[in-house]
Amino acid sequence: MSYPTTTPPPPTPTFLKLSFPAPRVLLILMNRPASLNAMSTAGQWEMHSVWNWLDDEPNLSVAVLTGTGRAFSAGADLKEWSSSMSDDADASQRMGNKPAFTPLSRRLGKKPVIAAVNGLAMGAGCEFVINCDLVVASEDAVFGLPEVKRGVAAIGGALPRLIRTVGLQRATEFALMGEPISAQKAYEWGIVNKVVGKEKVVDEAVRYAAAIAENSPDAIIVTRAGLRQGWETAAVERAVDLVLDREWAELQKGKNIKEGLKAFSEKRKPVWKGSRL
């Protein structure tokens, strides 16, 4: 397989499959269907490496994440987690303490990730969805944070982000009851952008990704940073200042801002370079 990138992707032998369905778009397939795409520790490290590679790869602008089989992801591998909690196990090696634990839920990153939710999205799988930049869901998809029913907690960043998306009362209902909600309710609450038939969910997510990827790679990163800082940072002016001082300052040093403005003046489609940010 040849990669339209400057460097080959990191190896993904355990959990993920990677492909390139459109220019500047990476499709990431979680591929443990027998375990409902639950993440082992090895799978978490794979995902951690892929996100780092995505952000560093100048010829990629957007990623789409989906699952194989009837689940998007059931979250962390609870059987492995249970084994790591045995009295004779090294406490520092418990799954919840791993640096790569919930690698998408804790990711701020530079480039947008679109969730194509093909089925069950539970636990850390639901946390993935909550932290994605855009979400397309199958009409039979189900979302839940059942951690409280298993004696653990949604510690991957979903809880504060959920409050910002749906409000305290709905977030409390969702997280403290631990009951699943439908794709339609997730859409009504603002977690999901669009609900489609199961056979269309990946294609629709790729369509969104391809439309985003047609734009300036640098401008995508700066614009997402502005959105994320507004979501993650309390003060609006502070969020603006952070982006101006960092991402915007770098954008102005690159070739894409010149190309975009020149193409507008010449009434032609711009020819973008890889991102410099």
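My entries below start with the cores and then turn to the charged pairs.

**Entry 1, cores.** I am working with a predicted model. I looked up the largest nonpolar core and found 46 residues in it. Leu26, Met47, Leu65, Val117 and Phe143 touch the most other members. I then picked Met47 and listed its contacts, leaving out residues up to four places away in sequence. Met47 touches Phe15, Leu16, Met30, Met39, Leu65, Pro103, Leu104 and Phe128. I also noted a second, separate core of 15 residues, with Val25, Val64, Leu134 and Ala205 among them.

My count came to 12 salt bridges. Which residue does Asp133 meet at 2.9 Å, N to O? I found Arg224 there. Asp133 sits in the loop between helix H3 (124-131) and strand E7 (134-138), while Arg224 belongs to helix H8 (residues 217-232), 91 residues apart. Asp133 is partly exposed at 31% relative accessibility, whereas Arg224 is buried at 5%.

Asp133 also forms a salt bridge with Arg228, with the closest N and O atoms 3.0 Å apart. Arg228 lies in helix H8, 95 residues from Asp133, and I have Arg228 down as buried, at 5% relative accessibility.

I looked up Lys198 and Asp140, which meet in a salt bridge at 3.9 Å, N to O. Lys198 is in the loop between strand E10 (194-196) and helix H7 (201-213), and Asp140 is in the loop between E7 and strand E8 (142-144). Lys198 is partly exposed at 33%, and Asp140 is partly exposed at 43%.

I noted that shared partners join Asp133, Arg224 and Arg228 into one network of salt bridges.

Key
Residues numbered from 1 in each chain as written. Predicted model: local features only at pLDDT ≥ 70, side-chain atom pairs only at ≥ 80, totals over all residues. Heavy atoms only, no water. Core = buried A, V, L, I, M, F, W, Y, C linked by side-chain atoms within 4.5 Å. Buried < 20%, exposed > 50% of the residue type's maximum accessible area, 1.4 Å probe, protein only. Contact = heavy atoms within 4.5 Å. Salt bridge = Lys/Arg side-chain N within 4 Å of Asp/Glu carboxyl O. Helix = DSSP H or I, 4+ residues; strand = E, 2+ residues; numbered from the N terminus.
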